[in-house]
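Below are some notes on the structure, point by point. They cover a loop position, a helix and a surface patch.

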Amino acid sequence: MGLPLAISLGGDEAAVIASIATSIGIPIFNVSAVIILNAFSEKKAKESNLKRIFLGLIKNPLIIGVTIGLLCVGVRYLLPEENGAPIFTIQSNLPFLYTVIGNLSSVASPIMLICLGACLDFKLTKSLVLKIAAGVSLRLIVIPAIAIGGALLLK
């Protein structure tokens with residue numbers, strides 16, 4: 001969601017910076033989240049904490065996606081080139097597949113949000129109303145106000 005916003009606000013230069021930030025941030029935040037949530041989980045699993053954390057890291061979809069993306073970028077540099085351009089690209093050699101992947105990428109976020117909303121059980125959130133309100137307020141109001149205020153001070 002942040003990348004289209006960055007592109008609309010800052011153009012291609014902002015897209016490069018946002019891409020770099022997300023490529024670093026996604027793995028760090030997801031690894032941290034898996035470790036913290038597994039370490040402080042109230043479940044008493046049969047396997048040890050380290051094994052549970054390791055399995056959580058291996059099964060995390062975003063970490064899997066980042067790993068596959070890094071592998072694809074690595075393979076790109078191994079492909080033979082002719083006149084400085086790769087001799088095989090999905091865009092030029094498999095245009096039907098490139099179109100399908102492009103279409104899927106444009107609907108991935110909305111479908112994910114719909115699935116997430118469909119799985120939400122509002123009965124379970126009644127006891128967490130204050131915590132949810134505090135988290136949403138911090139994320140949508142307080143932190144952006146601090147960031148914008150800090151940016152204005154540095155200007």
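1. Where is the place of N60? The model is a predicted one, and in it N60 sits in the loop between α2 and α3. N60 counts as buried because its relative accessibility is 12%, and the cut-off for buried is under 20%. Apart from neighbours within four places in sequence, N60 is in contact with N30 and V34.

2. Which residues of helix α2 are buried? In α2, which spans residues 49-59, they are R52, I53 and L57. These residues lie on the same side of α2, because the arc they cover around the axis is only 135 degrees.

3. What do the buried residues of α2 pack against? Their partners are α1 (2-39) and α3 (61-78). On the face of α2 turned away from the buried side, the exposed residues are F54 and K59.

4. A nonpolar patch on the surface is formed by L128, I132, V136, L138, L140, I141, V142, I143 and I146. Together these residues have about 820 Å² of accessible area.

5. One of the patch residues is V142, which lies in helix α6 (residues 129-154). Is V142 buried, partly exposed or exposed? V142 has a relative accessible area of 35%, so it is classed as partly exposed: exposed would require over 50%, and buried under 20%.

Technical notes. Residues numbered from 1 in each chain as written. Predicted model: local features only at pLDDT ≥ 70, side-chain atom pairs only at ≥ 80, totals over all residues. Heavy atoms only, no water. Patch = residues over 30% accessible without salt bridge, like charges linked within 9 Å, V, L, I, M, F, W, Y side chains within 5 Å. Areas by Shrake-Rupley, 256 points an atom, 1.4 Å probe, with all protein chains shown as cover. Salt bridge = Lys/Arg side-chain N within 4 Å of Asp/Glu carboxyl O. Helix = DSSP H or I, 4+ residues; strand = E, 2+ residues; numbered from the N terminus. Buried < 20%, exposed > 50% of the residue type's maximum accessible area, 1.4 Å probe, protein only. Arc of directions from axis to C-beta. Contact = heavy atoms within 4.5 Å.
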